[in-house]
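Biologist: I would like to learn how to read a model of this kind, feature by feature. Could you take me through one?

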Amino acid sequence: MQYQPAELENYPGYHIRRLQQIAVAVFMEEVEAFGVTPVQYAAMSAVLRQPGVDQRTLARNIGFDTSTIGSVIDRLEVRGLMLRNPSPTDRRVRQLTLTDEGRELLQQAEPAVLRAQRRMLEPLPDDKRAQFMELIALLIHENDEFARAPSAVAERSAEGKRTAAVKAVKSLTGKAGKRVKAAKAAVE
């Protein structure tokens, strides 16, 4: 009897990889005019929320290895979107901040980023979107120890993940419309 492997379509990893490819493609299509990748956007967004964060902490906060984040920061710095500043307490550490141009780019790109997120969830019925987000968060949390770059986000409690999932989906529906309109108005 000759060995026959299972069909790829039966593996969750196959579907997860395909969904990640789709997510990146949708993001890049929506955000093309701003010239940022999903990783660059995540890094800039995290630095805006936590100015002065160091590179290692940033990498952990968004789930990337430090060498990848180093090259991402290099590219953002060359574009004048992010700065590395010396730490007043440790000469070896560089604290990250966004430039005015970086903050402006994030604000202008937000409507496009939100559109991308909505597009990714669009095929799901409204009542399944929060459940989908909750299940993804659970899988990441329970398997994070196997990640090449574990994420601080995965350490949230189960209740925290549920609350975050529901909040994220709500921000992509009715409430997001107001936010998108406000961001557009600020840009125009």
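Biologist: Before that, what should I keep in mind about the model and its numbering?

Modeller: This is a predicted model, in which local features need pLDDT of at least 70 and side-chain atom pairs count only at pLDDT 80 or more, while totals for chains, interfaces and linings use all residues. Residues are numbered from 1 along each chain as its sequence is written, and side-chain values use heavy atoms, with hydrogens and water left out.

Biologist: How many helices and strands does the protein have, and in what order do the elements run?

Modeller: Helices (H or I, at least four residues) and strands (E, at least two) are taken as DSSP runs, numbered from the N terminus. The protein has eight helices and three strands, and from the N terminus on the elements run α-α-β-α-α-β-β-α-α-α-α. Of its 188 residues, 28% count as buried, where buried means under 20% relative accessible area, exposed over 50%, and partly exposed in between, with a 1.4 Å probe and protein chains only.

Biologist: Which residues have the most contacts inside the largest nonpolar core?

Modeller: In soluble globular proteins, nonpolar side chains tend to be buried together. A nonpolar core is here a set of buried Ala, Val, Leu, Ile, Met, Phe, Trp, Tyr and Cys residues joined through side-chain atoms within 4.5 Å. The largest one has 26 residues, and those with the most contacts inside it are M44, V47, L58, I69, L76, M82 and L96. At least two residues of this core come from each of α1 (12-31), α2 (38-49), α3 (55-62), α4 (66-78), β3 (94-98) and α5 (100-121), and the largest share, six residues, comes from α2.

Biologist: How do I read α4, and which of its residues are buried?

Modeller: The expected span of a helix is 1.5 Å times one less than its number of residues. For the 13 residues of α4 this should give 18 Å, and the end C-alpha atoms are 18 Å apart, which agrees. The buried residues of α4 are I69, G70, V72, I73 and L76. They cover an arc of only 165° around the axis (taken from the directions from the helix axis to the C-beta atoms), which puts them on the same side of α4. On the other side of α4, S67 and V78 are exposed.

Biologist: What covers the buried residues of α4?

Modeller: The cover includes α2, α3, β2 (82-86) and β3. After α4 comes G80, whose phi is positive, near 80°.

Biologist: What does the span test give for α2?

Modeller: The 12 residues of α2 should span 16 Å at 1.5 Å a residue, and the end C-alpha atoms are 16 Å apart, which agrees. Its buried residues include V39, Y41, M44 and V47.

Biologist: What is the strand order of the sheet?

Modeller: Strands of a sheet pair through backbone hydrogen bonds, either parallel or antiparallel. Two strands count as paired if DSSP finds at least two bridges between them. Here an open sheet of three strands has the order β1-β3-β2, with antiparallel pairing. β1 (53-54) and β2 stand at the edges, each with a single partner strand, so one side of each is left without a neighbour in the sheet. Two bridges pair β1 with β3, and V53 stands opposite L96 in β3. Five bridges join β2 to β3, with M82 opposite L98.

Biologist: Is E30 buried or exposed, and which side chain does E30 join through a polar contact?

Modeller: E30, in helix α1, counts as buried because its relative accessibility is 17%. A polar contact of 2.8 Å joins the side chains of E30 and R115; such a contact is a pair of N or O atoms within 3.5 Å, where within protein one must be able to donate a hydrogen and the other to accept it, and residues adjacent in sequence count only if both atoms are side-chain atoms.

Biologist: Where do R129 and V36 lie?

Modeller: R129 is found in helix α6 (residues 126-143), and its side chain reaches the backbone oxygen of L121 at 3.2 Å. V36 lies in the loop between α1 and α2 and is buried, with a relative accessible area of 2%.

Terms used
Contact means heavy atoms within 4.5 Å.
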